[in-house]
Amino acid sequence: MNAILTGVDSLRERFRLDRFGVGEDVSCVILTPRYRLSRHVLGLLIPTGAAEPKLVVKMPRLQADAAGIAREAAVLTALREACPHAEETVPRVVALTDGVRPMLIQTALPGPLLTPARLREAPARCVDAVVAWLTALPAARRNDGEGSYRRLLEEPLAFLADSFPLRAPERALVARTLELVDPLRGNEVPRVFEHGDLSHPNLIWLEGDRVGVVDWELAAEEGFPLHDLAFFLAFAIFALCRPRTPAEHIAAFHDAFFGSSGWSTTRVAAYAERLELGRPLLSPLFVACWARHTAQLVRGIAGGGPTLNEQDAAWVRQNRSYALWRHAVTHAAEFAGGR
């Protein structure tokens with residue numbers, strides 16, 4: 001019996017797991033994501049005779065690294081309380097445990113993954129479903145001085161800059177980024193539930209042309225608007241254009257967000273109108289999206305450590321999010337959604 005099934009068996013009575021159809025006769029499919037920054041192992045609990053899992057178990061690869069599942073449980077609980085429409089589109093937290101085997105148990109969402117291939121079959125329907133899901137999330141205007149600005153931007157970008165040597169080009173790139181996002185400082189920008197990684201394989205296609213969203217370990221209860229939409233639209237355009245090289249990815253990204261017709265423009269405009277976002281804020285929010293994603297990458301491989309070594313720095317510079325951040329900074333004035 002694997003560690004996940006052993007842990008689940010010990011929790012069965014305490015959390016009444018039988019009510020989810022997960023009795024003693026259950027199989028567990030183990031998923032070990034191969035992405036370098038993956039921190040968890042997943043277990044899909046499938047009752048005998050069932051076609052789909054009923055529960056999903058998430059365990060940190062390292063016992064001491066339970067912060068991700070704790071954050072995921074907290075955000076999911078808050079989201080389901082604040083937004084009744086989300087109940088069927090995000091997992092329900094069933095159990096969160098610590099100790100020798102920290103684990104998060106949550107309900108599984110029924111349906112296939114929203115893969116690039118599925119998106120290509122019905123692009124408008126899939127993209128509109130995700131945009132509709134995002135625009136339905138609650139948004140609140142916060143005036144906390146510069147507290148959230150520091151938390152969401154200044155602190156991650158300071159960490160990003162400090163992770164590279166003093167003369168590295170990233171220092172200047174961070175400085176220019178902070179200039180571009182400065183309009184967000186002290187501005188009453190709405191705060192939204194932010195997923196942090198809204199793309200494949202974290203999207204589930206549900207019945208009724210709806211989308212479900214899983215894997216909330218990078219989420220924030222009070223994040224920036226446009227962050228998730230920009231990240232998803234980039235995933236969508238790459239799925240449609242099927243670029244192969246870094247240059248082709250940048251070209252598709254530019255055409256979608258900076259071109260004269262801007263494939264993403266109507267979606268961004270509709271989202272901005274719903275959240276009452278002024279046009280001057282859209283370009284800074286877009287730049288912030290890619291800068292923060294890059295900072296997240298760096299934090300994932302550097303932890304709380306010192307400057308990146310040459311190998312890790314090279315890996316970051318070859319990452320797509322880094323290239324998109326640099327392009328967004330260079331062409332910020334051309335952002336179609338902000339014109």
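Helix H10, residues 279–302, packs against helix H11, residues 310–318, at an angle of about 155°, and their axes are 11 Å apart. Axes here are lines fitted to C-alpha atoms, for helices over the stretch in contact, and angles run from 0 to 180 degrees between N-to-C directions. H10 and H11 are therefore roughly antiparallel, a label for angles over 145 degrees. The contact, meaning heavy atoms within 4.5 Å, involves Thr294, Leu297, Val298 and Ile301 of H10. From H11 come Asp312, Trp315 and Val316.

A word on the source. This is a predicted model, in which local features need pLDDT of at least 70, side-chain atom pairs count only at pLDDT 80 or more, and totals for chains, interfaces and linings use all residues. Residues are numbered from 1 along each chain as its sequence is written, and side-chain values use heavy atoms, without hydrogens and water.

Next, helix H7, residues 227–241. Helices are DSSP runs of H or I with at least four residues, strands are runs of E with at least two, and both are numbered from the N terminus. Of the 15 residues in H7, 13 are buried, that is, under 20% relative accessible area with a 1.4 Å probe, protein chains only. After H7 comes Arg242, with a positive phi near 55°.

Last, the sheet. Five strands form an open sheet in the order S1-S2-S3-S5-S4, with antiparallel pairing; a pair needs at least two DSSP bridges. The edge strands, S1 (26–31) and S4 (93–97), each pair on one side only. Six bridges join S1 to S2, residues 40–47. Ile30 has Gly43 in S2 as its bridge partner.

Notes. Buried < 20%, exposed > 50% of the residue type's maximum accessible area, 1.4 Å probe, protein only. Parallel < 35°, antiparallel > 145°, perpendicular 65-115°, else oblique.
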